[in-house]
Amino acid sequence: MTLEELRDRMRAARIEIPEHRLELVRRLLTDALQPIHALDSRAVRTLEPAVTFDAERGRDDHGR
Amino acid sequence: MAAEDLSYATIRELSSRLRRGDLSPVELTRATLERIERLDPQLHAFVTVTADRALADAKAAEAALARGGHASPLLGIPVAYKDIYATRGILTTGGSALLADWVPDADATCVMRLQRAGAVMLGKLITHEFAFGIQFPGHRFPAAKNPWDLDRMPGGSSSGSGAALAAGLAFGALGSDTGGSIRGPASFCGIAGLKPTYGRCSRAGVLTLSWSLDHTGPMARTVEDCAYLLEALAGWDPTDPASSREPVGDYVTPLGRGVRGLRVGVPREFFFEGIDVEVEKAFEQALAMLRQLGASVQDVQIPSIQAAGANMVIMLSEAFAYHEHDLRMHPERFGEILRERLLAGGLITASEYVQAQRLRARLRGEMADVLHTVDVLATPTSPKPAPTFTAVYDPEYGFPRGNTSPFNLTGLPALAVPCGFSSSGLPLSIQITGRPFDEATVLRVGHTYEQATDWHTRHPKV
């Protein structure tokens, strides 16, 4: 993520971050988003958004 | 038993002495309160010491012991709670100026369960601000210090819980863990800490950081003590939407069964990146000990493990959603570092959040596959020992990559156990992770290793 992209996102979200802290936030987001941007989304199966383990199924399939 | 030994006694030892009558809960509580009064001014583990409440609880425990028939091993045991657990009538700050005066009108479920088991409430333990920030110099609440080296952090966010246990200021504590906040402090402070399976212990009445990643759990000086605490904590809670109805097992009895025949998997990718040489050496020695105790150890592959970074995307997004109103209305009441981390969450797109959840599903599936072939996973808990405050306060210090967050993403039970010391005398730790709701095996492996070593018997000079 470039600083310019970070500023674009800040404008869109109506969020202000002091200029001298932008590089730190940019680094935090770049690191966090790296695996997301590397994802080929077509290769991942459908999923549920929350982690829950079904009591009945849990013993056999380890929570899937 | 000398006063110092009493401070580091285990729950089993204390429970036995309390039942025999050669120690009373009131004596034990007074001795612990005196130690807190003497040592906490330099450690800052406690935000609030509830001395009157502790003595009242101790007297009630004494009466219950005199009556007989109370089976709980926690009866009369002094414990303390991370200050994000609501406590009825007692200040609950979340380590934040925003809640500096909040007095809840109900106990968190975990607090209620430990109190019902007869535990004595010593007070509230400092947490990193809203379990995510850091108390920088000048913060309303001073940061807890690591009893092994006061210039170093005790880890976080359950910083006070780790510091108090390492210094012998409590016999059990509650922590919470969204990316490693139970296991990190356990690792840096040389104690045991268990993040149970997601849904095993209630989050009701605990301040939220990230709904789908937050876990509550016990911290103590031994694995067995964690097991005692877990037995009181675990179980369905209708007031927590994520709470599981999975039956609660016996966590203490199986501890003595050893590890002969158990299969330990070691995922080498990701967990050894940037690792300290001394951490790696201590970890390999721990594996050798597990082999010697009869376990088989093999390397395993988790193909999508690099996707573990998705934990941060989910945590930032959910934390922003939780705090957005206060961030926009009262930004000045958040510490600078926490405010920026939370605001960063507001810059993540909906698509990125959803993709992070999809990566999470893939990682869960792969870990489930691996846990068909081995009984537990073992990794170093932290790649490095505790950092100095000077390092962490440097504006260039980034958010450290940890070995704990993959198991928040997957919800699996994970335990931190001491496995050695660095040459500079700092604790090192091994992390044992198991199948969903198989805390019994995780604790059994940790306990067997712990009892074959003496790391847990060493204490800092405070």
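Biologist: Which residues of β4(B) sit on one side and which on the other?

Modeller: This is a predicted model, where local features need pLDDT of at least 70, side-chain atom pairs count only at pLDDT 80 or more, and totals for chains, interfaces and linings use all residues. Residues are numbered from 1 along each chain as its sequence is written, with chains lettered from A and ligands numbered from 1 in the order in which they are written. Helices (H or I, at least four residues) and strands (E, at least two) are DSSP runs, numbered from the N terminus. Both faces of β4(B) are covered: one side holds B:Ala173, B:Gly175 and B:Asp177, the other B:Leu174 and B:Ser176.

Biologist: Why is β4(B) largely enclosed?

Modeller: A residue is buried if 20 or more other C-beta atoms lie within 10 Å of its own, exposed if 12 or fewer, and partly exposed in between, with C-beta atoms placed from the backbone. In a regular strand the side chains alternate between the two faces of the sheet. β4(B) is largely enclosed by the rest of the structure because the buried residues number five of five.

Biologist: What is the strand order of the sheet in chain B?

Modeller: Strands pair if DSSP finds at least two bridges between them. The sheet is open, has eleven strands and shows mixed pairing. Its edges, β1 (46-49) and β8 (296-300) of chain B, each pair on one side only. The order is β1-β3-β2-β4-β6-β5-β10-β11-β9-β7-β8.

Biologist: How many bridges join β4(B) to β6(B)?

Modeller: β2(B) and β4(B) run parallel, joined by two bridges, and there B:Ala80 has B:Ala173 as its bridge partner. β4(B) and β6(B) run antiparallel, with B:Leu174 opposite B:Pro218. The bridges between β4(B) and β6(B) number five.

Biologist: Which residue of β9(B) stands opposite B:Gly265?

Modeller: Strands β7 (residues 263-267) and β9 (residues 376-380) of chain B run parallel. Two bridges join them. Opposite B:Gly265 stands B:Leu377.

Biologist: What angle does the direction of helix α4 of chain B make with that of β3(B)?

Modeller: Contact between residues requires C-beta atoms, placed from the backbone, to lie within 7 Å. Axes are lines fitted to C-alpha atoms, for helices over the stretch in contact, and angles run from 0 to 180 degrees between N-to-C directions. Helix α4 (residues 51-67) packs on the sheet and touches β1, β2 (78-82) and β3 (120-125) of chain B. Its direction and that of β3(B) make about 155°.

Biologist: At what angle do α2(A) and α10(B) cross?

Modeller: Two packed helices are described by the angle between their axes and the distance between the axes. Here the axes come within 7 Å. A:Ala32, A:Leu33, A:Pro35 and A:Ile36 meet B:Ala310, B:Met312, B:Val313 and B:Leu316. The crossing angle is roughly 115°.

Biologist: How many residues of that contact are nonpolar?

Modeller: Ala, Val, Leu, Ile, Met, Phe, Trp, Tyr, Cys and Pro count as nonpolar, Asp, Glu, Lys and Arg as charged, and the others, Gly among them, as polar. The contact of α2(A) with α10(B) has no polar and no charged residues. Its nonpolar residues number eight.

Biologist: Which helices do the buried residues of α11(B) pack against?

Modeller: Helix α11 (residues 336-345) of chain B is mostly covered, with eight of its ten residues buried. Among them are B:Ile337, B:Leu338 and B:Arg341. The partners are α2 (22-37) of chain A and α10 (310-329) of chain B.

Biologist: Is A:Arg14 buried or exposed?

Modeller: A:Arg14 lies in the loop between α1 (3-13) and α2 of chain A. Its phi is positive, about 55°, although it is not a glycine. With 8 C-beta neighbours inside 10 Å, A:Arg14 counts as exposed.

Biologist: What is the omega of the cis peptide bond from B:Gly156 to B:Ser157?

Modeller: B:Ser157 is in the loop between β3 and α6 of chain B. The bond from B:Gly156 to B:Ser157 is cis, with omega near 10°.

Terms used:
Contact = placed C-beta atoms within 7 Å.
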